[in-house]
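Q: I'm new to this one and would like a close look at a single part. Could you take me through it slowly?

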Amino acid sequence: MTLLHTTPAVPGTSLAALPADWHGAAPTPIGVDQAFNGFVAATVVHTLDRLGIWDRFTQNPCLDVPAFVRAVGPAARERVVREVLRAAAACGWLRLEDGGDAAVLTDAGRETLRMRGYFTWAVGGYSDVFSRAFQLASGEASFGTDVLRDEAMVALGSGQNDRNFMAGTLDQVLAGVDFGTLADLGSGMSARVSRVVADRPGTRGLGLDISGPATELARRTIAEAGLEDRVRAIQADVLDVCHREAHREAIAEVDTVMSFFLLHDLLADPVTRPHLFTRLREAFPAARTFVLADTMLRPDAENSATLPVFSLGYELAHALMGVPLHTKETYEELFAAAGLHPVRTVPFGTPHSWLYVLEAR
């Protein structure tokens, strides 16, 4: 699962993530020190992740710094590693002992470790997009050609957050859904659909993704799980797959469709937006249950003294890419117009993210 998917900018899309007349309650202003130190601290979180230090802390709350540097290899620069750890200690995530040769994880550090996926997503995936926002705003550059994101880091950050915030909720929700054949739209490497099907004897699954490399990886994932007889990876546009003869028989068996954090991309085109969920039902004519999740625009009436993690970055990133976002109310109006009735709605991990179980009428 990825938090964001590759979508070209939609011509004529406003660069505003929030409506121009947005009147939501203003949060407490962020101080200059918070803004600057937060920028630096975010790079420290990501550096610890890419070095593998956070993973070490999941195994042992005390890191032997010299031993770690030796394990990384002869090219590792111990001085730089120590400075990164010193910066993490200044943020309160670590406590340095034994003259700096031992780094001990603090309670604040444990929470940061749990939340590291946000930083993988932002610093690893979107640093070029954010740092060149002025060029995107001025028209000097365009997203998708001059300015790119790191798709691998976006996917990795999404996977980290999925494990920490979403997998448990999804398992609880799916426990109440009876299905025979499950299709996962925007399935990436098909890890999710493979896990769900593996836990349900007698069921089958399809992983659909428009990316060729992702589909190849999905086929390896399925094979490694020993599920080749029950799970199939298909490279296809999720809305047009039913029109492809090679996949028609497999699609005809799907009684349940799930999709996570893909909907805002499918809703990007204002021309097709009103009919998206009707088209989705037509693409899977036998499906009667839809398990759909997305991150939505913060409501105008939100009354919060502080900004939640992720929301501001998510909204700005999509504005810079030219992808509009929509409120929870808009999603529910579109569901209703397509004859999809919500039977369960639960918060889903990240702020303003919702998981719906919908039944087709």
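Which residues of H1 are buried?

A: A quick word on the ground rules. This is a predicted model, where local features need pLDDT of at least 70, side-chain atom pairs count only at pLDDT 80 or more, and totals for chains, interfaces and linings use all residues. Residues are numbered from 1 along each chain as its sequence is written, and side-chain values use heavy atoms, with hydrogens and water left out.

Now to your helix. The buried residues of H1 are Ala 41, Ala 42, Val 44, Val 45, His 46, Leu 48 and Asp 49. Here, buried means under 20% relative accessible area, exposed means over 50%, and partly exposed is in between (1.4 Å probe, protein chains only). As for the names, helices (H or I, at least four residues) and strands (E, at least two) are DSSP runs, numbered from the N terminus.

H1 itself covers residues 32-51, which makes 20 residues. From first C-alpha to last it reaches 29 Å, close to the 28 Å expected at 1.5 Å a residue; that expected span is 1.5 Å times one less than the number of residues. Just after H1 comes Gly 52, with a positive phi of about 90°.

What sits over those buried residues? The cover includes helices H2 (53-59), H4 (78-90), H5 (107-114), H6 (116-131) and H8 (151-174).

Let's zoom in on Asp 49, which has its place in H1. Its relative accessible area is 6%, so Asp 49 is buried. Setting aside residues up to four places away in sequence, Asp 49 touches Trp 54, Arg 116, Thr 120, Leu 156 and Gln 160, where contact means heavy atoms within 4.5 Å. With one of these, Arg 116, there's a polar contact from side chain to side chain at 2.7 Å. That term stands for a pair of N or O atoms within 3.5 Å; within protein, one must be able to donate a hydrogen and the other to accept it, and residues adjacent in sequence count only if both atoms are side-chain atoms.

Strand S4 (residues 181-185) runs parallel to S5, joined by 5 bridges; two strands pair if DSSP finds at least two bridges between them. Within that pairing, Asp 184 stands opposite Gly 207 in S5. Another 5 bridges link S5 to strand S6 (residues 231-235), also in parallel, and there Leu 208 has Ile 234 as its bridge partner in S6. The chain gets from S5 to S6 through helix H10 (residues 212-224), in a right-handed β-α-β crossover. Right-handed means that, with the strands pointing away from the viewer, the path from the first strand over the helix to the second runs clockwise. S4, helix H9 (residues 191-198) and S5 make a right-handed β-α-β unit too.

In the loop between S4 and H9 you'll find Ser 187. At 2% relative accessibility, Ser 187 counts as buried. Leaving aside neighbours within four places in sequence, Ser 187 is in contact with Gly 207, Leu 208 and Asp 209.
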